[in-house]
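Hi,

Here is the structure I promised to send over. Have a look first, and my notes follow below.

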Amino acid sequence: MKKKRRSHLQNRLYVLSFVCLVPLTILIVYLLILLGRFSDRYSAITDNITMANTYSINFKENMDYSMYIIIVNMERAEEMKGTQQPHVMIDRAREDFRTLYQLTDSEYGRSQLSGILKCLSTLEDRVEEIEKDALVSGKYDENMERLDLNIRVLTELIQERIQEYIYVETTHLKKLREGIRLDVSTALRTCIILFTVILAGALMFSRKIMRGITEPIHRLSEATKQAGSGDFAVRAQEDSDDELAVLNTSFNQMVEKIGQLVEDIRVEQINLRQTELKVLQAQINPHFLYNTLDSIIWLAEAGEKEKVVQMVSSLSDFFRTTLSKGRDYISLQEEEMHIRSYLQIQQFRYRDILEYDIQIPRKLYPHPILKLTLQPLVENALYHGIKNKRGMGHISVMGKEEADSLVFFVRDDGIGMAAERLAHVRAMMYGEQVDASDPSGFGLFNVNQRMQLNYGPSYGLEIDSIYGEGTTVKVVIPKQS
């Protein structure tokens, strides 16, 4: 089974740990080694002094006493324990001082130890002489003299050399302590400098590594925020080969697909609105046509030939503009002709209650406008405003230009709307609620949606109304050549 390949991001984190921990570990090991060396050197000297000090205190007294016993009472001397026998003490002392000789560094101390070893050899010879004569009667005085002149003199000399050795080692210990203090100060300064250098290097290197990790994440986060706000054209930078690059690539693919889906939905909505418009036209035109043809029949039966000709002419102009060879945009002049033909036809039917006027400057005629923008508003003013009012009513259509926009007003002095009804119509017009059974609000919603889908959300309709006084619908579209 293959081992899982270590990731680039994981490698960066390992390098960061290595940069921070390894130099500090080396520094700590260096300090421990230095401390161990100081401790070993100090312990070696103190052990030497301790060993020599034991002989300085006990060796002379024990050796002199054991030799005195041998001279005075040989039988009692034979009963002494092994460690109290002169030869055992000399052999043990020789072994210890040879060990000290090997451990001592100073030349003067080694010379003192060498003298001690020679004295021990001489002392051993004198001990043998006394032991032999101690077995012969009549040698007591001679042996006592040897004890005073040989044994005690040699042990005194050995003790003096031991004291001299201890003094030398103590002096050396003092120098060593000063050297250790100096070395410790130097080591501390060195460690502080090394620690500062290591810390600065680790911070710089770790900052570089962390920036290499956090900056791509920050850029991806910003790109995510932009995508969340609806900017699906944003793309994350793909400038690395680690896991973040995989995230960036996946993010870009996701945003691209979401953008495509949103665009598809937008196109589908536009197509849906256009289909709804066509369905609405298919519903309105036959109904309007039937009523108009009925009026023409009535006029023909009444012998009103001139009015029949006028109505047929107006009806022809109306449907010519409605069809307009399948175009969605027509000139403002054509839109004016369309509403004028519509109002002329309706005035034949409602001549007792309908008056109208159209005031659109001729210089605005060449500008294009979305077909069926004003006619549904005029129709709405007639059927839901004028017809619901007793007596004569007036519909006014006005147009003007403001900066980069064309502004139209469709006013009627019909029944108007109460505040509650106006709020309901506005909610329907802006798509906040849907009520297909309300033809007035649903028609305004369709016109407003078509305008915003074609011109953008900053354009569309505004409606204002006062009950008993009338209604005004404001239309704002961009001025186009």
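Start with helix H9 (residues 375-386), which lies across S2, S4, S5, S6 and strand S7 (470-478) and runs at about 150 degrees to S4. Helices (H or I, at least four residues) and strands (E, at least two) are DSSP runs numbered from the N terminus; angles run from 0 to 180 degrees between N-to-C directions, with axes fitted to C-alpha atoms, for helices over the stretch in contact.

Before going on: this is a predicted model, where local features need pLDDT of at least 70 and side-chain atom pairs count only at pLDDT 80 or more, while totals for chains, interfaces and linings use all residues. Residues are numbered from 1 along each chain as its sequence is written, and side-chain values use heavy atoms, leaving out hydrogens and water.

Now the sheet. It is open, with 5 strands in the order S2-S4-S5-S7-S6 and mixed pairing (two strands pair if DSSP finds at least two bridges between them). S2 (354-359) and S6 (460-466) each have a single partner strand, so one side of each lacks a neighbour in the sheet. On average, neighbouring strands are turned by 15 degrees against each other, direction ignored.

S4 (residues 393-402) and S5 (residues 405-412) run antiparallel, joined by 8 bridges. Ile395 sits opposite Asp412 in S5.

Also in S4 is Ser396, which counts as buried because its relative accessibility is 12% (buried is under 20% relative accessible area, with a 1.4 Å probe and protein chains only). Leaving aside residues up to four places away in sequence, Ser396 touches Asp357, Phe409, Val410 and Arg411 (contact means heavy atoms within 4.5 Å).

Cheers

How values were computed
Buried < 20%, exposed > 50% of the residue type's maximum accessible area, 1.4 Å probe, protein only.
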